[in-house]
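Please look over the model below.

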Amino acid sequence: MSPTAKPRKYKMTIKTDADYVSATLAELSALLAKGTVSSQDLVEFYLNRVERLNGKLNALVRVFAHDARLAAVALDKERQSGHVRGPLHGLPIAVKDIFHCAGYPTQAGSRAHAIDADAESAWAVQRIEQAGMIVLGKTQTTEFAYGGWGVNEITGTPWNPWDLNTQRVPGGSSSGSAVAVASGMVPAALGSDTGGSCRVPAAYCGCIGVKPSFGLIGRSGMVPLSPTLDSPGLLTRSIADTALLLDALIGHDPADKATTETPTINPLGDIEDEIEGLCIGRLVGPELHRSDEEVVQNYEVMLNRLERLGAIITEFQFPRPIDDYLEDTLNIIDFEICSNFQHLALPESSPIQPSLRDRILATMAVPQSAFAQCLQNRSAAQKEMSVAMDGVDVLATPTCSMPAIPVVNVDVSIPATPYTRMANYLNMAAISVPSGRTEGGLPTGIQFIVRRFEERTMLRVARAVESVTARMVPCL
């Protein structure tokens, strides 16, 4: 701002639900830049919506109302003075309750665990705050971020906003983050992804869920589930928003060795480019038809649309049965959650939910050599996949094999979907994008998987899908 320019004046004009419920970060950023809305407006709007909906949906476990308002005032003053940190300046976001936020305890969906409020904020939280984002609160998670259905017997299961009469699974473990974004309580949220924990809830709730490449985003200050497989993740309403957040989050975290080789990636670089000539692997045979008919139908419709946009669709078979990837991934997670939390599970009075405690205690009896074998299998599987993908740019699968089922029908011993764990196991990046709705009105998702650090290609294909589908917002 020049010395003679007058600071822009903002009016407190709290808008109606219709203005921001479906708004993306990019759209809100444009409004802020024009001066037609302030960060204080946005914070008040979303806090009001949280107050109205969270009692039913149970998406946020803690709301930072006072601190969020103070941050909005400060960021509006920065903008008025001519200092804008970037496109995310002054935009609200929520954070899964496994990322520490200084000043608040972190419980990871458990009554057995807590990080002290005095601890430093997680690396990812620091990055988004440095970009000017305002954390509105913490979202629900399954206990220790374990479990794909999103069910938590301890702190409560968030309510999938697509059916207000029957409580259906939100997907997990980033359950609260997906519900908060899908219902318009926040425009975006941080989650984590160890075997599908962002992609599964995104598919069930009708939003976008991303598992970035391992090592792309730092994990310090984040409660670990399985350090071999864990990645911070994102829940958003648009591909542009995903790219904006990735751009802010990518970088070397001195406390996370996995980020030592993080390349320089410009996620916004070519998301609007055409996909003509891109080769997309299409799942075929029994591995596809373990999905519900409507899920498969929406999957095929999306691939047909991509083909009309110029993509080359080719049949693809994984080198190993998907169940092999499922089993080894679960074994790795079990070994590492046992290592991280067995001290909390051992006491008979442990408040850990019984099904998870039993799993931890059972894993204690398994020899360490079995874990080493899982890691060897994983290394071999990654090499096989590299060969199998020769000439293929992207793999496409359904995200979940069925739409969200009622919570009362959940068997937590059965995976929520067969399709997501393999991305973590094979050290790849993946995204879930809405692929349509069932006849009953429930969302379905399509998943795109790419080689490590090829997020730009992944976002490009996902953006092509987004360009031919309508944004899905439940009526609340």
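Predicted model: local features only at pLDDT ≥ 70, side-chain atom pairs only at ≥ 80, totals over all residues.

Residues are numbered from 1 along each chain as its sequence is written, and side-chain values use heavy atoms, with hydrogens and water left out.

- Strand β7 covers residues 279-283; helices (H or I, at least four residues) and strands (E, at least two) are DSSP runs, numbered from the N terminus.
- Of the 5 residues in β7, 5 are buried, where buried means under 20% relative accessible area, exposed over 50% and partly exposed in between, with a 1.4 Å probe and protein chains only.
- Cys-279, Gly-281 and Leu-283 lie on one side of β7, Ile-280 and Arg-282 lie on the other, and both faces are covered.
- β7 pairs in the parallel sense with strand β8 (residues 312-316) over 5 bridges; two strands pair if DSSP finds at least two bridges between them.
- In β8, Ile-312 stands opposite Cys-279.
- Strand β9 (residues 394-398) also runs parallel to β7, joined to it by 3 bridges, and Leu-395 in β9 is the bridge partner of Gly-281.
- Together with helix α9 (residues 293-308), β7 and β8 make a right-handed β-α-β unit; right-handed means that, with the strands pointing away from the viewer, the path from the first strand over the helix to the second runs clockwise.

**Largest pocket**

- A pocket is an open set of points on a 1 Å grid over the protein atoms alone where a 1.4 Å probe fits, with protein on both sides within 12 Å along at least five of seven lines; lining residues have an atom within 4 Å of a point.
- The largest pocket holds about 580 Å³ of space, a volume being the space filled by probe spheres set on the points, which are joined across faces, edges and corners.
- Its lining has 30 residues, with Tyr-146, Gly-147, Gly-148, Val-412 and Arg-421 nearest the centre.
- Two or more lining residues each come from α10 (322-345) and α11 (354-363), and α11 gives the most, with 3 residues.
- The lining of the largest pocket divides into 13 nonpolar, 14 polar and 3 charged residues, with Ala, Val, Leu, Ile, Met, Phe, Trp, Tyr, Cys and Pro as nonpolar, Asp, Glu, Lys and Arg as charged, and the others, Gly among them, as polar.

**Second largest pocket**

- About 290 Å³ of space lies in the second largest pocket.
- Among its 22 lining residues, Ile-208, Arg-237, Ser-238, Glu-466 and Arg-471 lie nearest the centre.
- α8 supplies the largest share of this lining, 3 residues.
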